[in-house]
Each structure stands twice: as structure tokens, then as C-alpha cells.
Amino acid sequence: MNIHYLTLFPEMYDGVLNSSILKRAKDKGIVDYNLINFRDYSNSKHNKVDDYPYGGGAGMVLKPEPVFEAMDDLEVDNARVILLCPQGAPFNQKMAEDLSTEEDIVFICGHYEGYDERIRTLVTDEVSIGDYVLTGGELASMTMTDAIVRLIPDVISKQESHEQDSFSTGLLEHPHYTRPREYRGMKVPEVLLSGDHKKIEEWRRDESLKRTRERRPDLLE
Ligand SMILES: C[S@@+](CC[C@H](N)C(=O)[O-])C[C@H]1O[C@@H](n2cnc3c(N)ncnc32)[C@H](O)[C@@H]1O
């Protein structure tokens, strides 16, 4: 998979794309990350990429030319082009699963008050990572990248499997315990020490349901 980011702040990605599983996916040759500073496509003397809104009002608006020209240069066919936007469809695990099968994904990261509306003609999806407003689309694109890349086959090992993760099964995941058996008076549930795999599975399923009922009853509806 190739993931392209149209951003004004490529330096924000350094730590995230060069750490942990995202780095491992790149090192294994499964994913390639391509950072494009669309300020390089500005046609103004001072590399401006924003301008005042027609009709007046607060804030600046991203101009269409730098984004259109950066997209022309990319030359990707059949890419999913995602506009990060608080007004977009809410991001979720199902969307991450769907995107994890793509060959090319382009993230367009906004900044300022908003985008020139014509930029929307370039995109296949508009996505929000939650009902709050960020300064820019960079953190949203990194969040989405992390959720998508870990689902690509061979990025994470069988032991780290994501199949039981919260949302993958439609439920929140069951609780986990590791050594020691007892810590500060808190004991590991006996069933997990029993070696009885059927009972352990049942306990996990019950805990998973209980947790979902308590924390996210909407998932059970
Ligand atoms: C300050 S926000 C603009 C918000 C815009 N004025 C509005 O009310 O919809 C600047 C940029 O941050 C990104 N952004 C902010 N919140 C986001 C969210 N919840 N999900 C995805 N992207 C977001 C978008 O790329 C947006 O263009």
C-alpha cells in the first residue's frame, strides 16, 4: 500500500511513521509513506496557500491551486482520496478494515478555517475522527494510518492478532491479566489459571458482553 499525505506540516509525521508497527510495516516493504508539502505547489510570491474568504468572515481558506496541482503530480489511479474534515463520516473500525485493502490512499490535510469548496471535487471520501475540532488534519491522518496499517496482512504477527480487538468482533474486548498471580491483594481470576480452554473462552465472552453492556450498550443494539 502507498499512503500519500498532502500536508503543510510534514515534520509532524516523523515520530509516528518512524516508530513501532508503522515503521515495521514500512521496513517489511508492506507500506510506503509519501509526504508532500503542498506549499511547494503555491503559485504566489510568498508561498501562500490560503486567502481571505469571499463574502468576508473570520479565518483563512485553503486555496484550490496548490492542492489540485499536488494531486496532478501524484498520478495515482483509483486511489481513495480522503479529505480530513470534522464534517465528514465518522471514522470507525469497519472503515479501517475497508481501507486496509486499498493500493493507494491519499490524505488531504486541511488547516485554517476551511477548504475552498472546489477541493471537494478531488476526493472520494470525507472523514472525521470525532466530534471535536483539531487545528489541522495531520493528527487525524496519522490516527487513521495507524488503525488501517495494523490490519494489513503480515503487519502484525499472529501473537499480536487483532481479530479479538474491540470492535472487530462487534464487542469490546475482554479483560487481560499477566504475571504475577497476585499483586497488592488483587488476584488473577481462577478460571484463567485452570488450563480449561473452553471455560476460559466462555469467561472471556461473558466479560466481553458485560463490558460492552456497561460501557457501550449502543454496540449491542
Ligand atoms: C480548524 S479545522 C477547520 C474546521 C472548520 N472550520 C469546521 O468548522 O468544519 C482545520 C482542519 O483540521 C482538520 N480537522 C479538524 N477537526 C477534525 C476532525 N475531527 N476530523 C478530521 N479532521 C479534522 C481538517 O482537515 C480541517 O480542515
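Tutor: Helices and strands are DSSP runs numbered from the N terminus, with at least four residues in state H or I for a helix and at least two in state E for a strand. This is a predicted model, in which local features need pLDDT of at least 70 and side-chain atom pairs count only at pLDDT 80 or more, whereas totals for chains, interfaces and linings use all residues. Residues are numbered from 1 along each chain as its sequence is written, and side-chain values use heavy atoms, with hydrogens and water left out.

Student: Which domains does the assignment give, and what separates their centres?

Tutor: Domain bounds come from an automatic or database assignment, which for this chain gives domain 1 (2-149) and domain 2 (163-220). The centres of domain 1 and domain 2, taken over C-alpha atoms, are separated by 37 Å.

Student: Which share of the residues is buried, and which share of the contacts joins residues 24 or more positions apart?

Tutor: Buried means under 20% relative accessible area, exposed over 50%, and partly exposed in between, with a 1.4 Å probe and protein chains only; contact means heavy atoms within 4.5 Å. Of the 221 residues in the chain, 41% are buried, and among contacts with a separation of 6 or more, 73% join residues 24 or more positions apart.

Student: Which residues of helix α3 are buried, and what do they pack against?

Tutor: An α-helix has 3.6 residues a turn, so residues three or four places apart point the same way. In α3, which covers residues 64-74, the buried residues are Pro64, Pro66, Val67, Ala70, Met71 and Leu74. Their packing partners are β1 (2-7), β2 (32-37), β4 (61-62), β5 (80-90) and β6 (104-108).

Student: Is valine 127 buried or exposed, and what is it in contact with?

Tutor: Valine 127 is buried because its relative accessibility is 2%. Leaving aside neighbours within four places in sequence, its contacts include Ile82, Leu83, Leu84, Cys85, Phe91 and Met144. The C-alpha atoms of valine 127 and leucine 83 are separated by 6.3 Å, although the two residues are 44 apart along the chain.

Student: Is serine 141 buried or exposed, and where is isoleucine 129 placed?

Tutor: Serine 141, in helix α5, counts as buried at 0% relative accessibility; beyond four places in sequence it touches Tyr5, Tyr13, Leu84, Phe107 and Cys109. Isoleucine 129 sits in the loop between β8 (125-128) and α5 (138-149) and is partly exposed because its relative accessible area is 22%. With residues up to four places away in sequence not counted, isoleucine 129 touches Phe91, Leu134, Ala140, Thr143 and Met144.

Student: Which residues have a positive phi although they are not glycine, and which residues does a cis peptide bond join?

Tutor: Most residues other than glycine have a negative phi, and most peptide bonds are trans. Tyrosine 112 has a positive phi of about 65 degrees and lies in the loop between β6 and β7 (114-115), where it is partly exposed because its relative accessible area is 33%. Aspartate 154, with a phi of about 75 degrees, is found in the loop between α5 and β9, and it counts as exposed because its relative accessibility is 59%. Just after α3, glutamate 75 also takes a positive phi, of about 50 degrees. The cis peptide bond joins arginine 179 and proline 180, with omega about 5 degrees, and proline 180 is in the loop between α5 and β9 (182-183).
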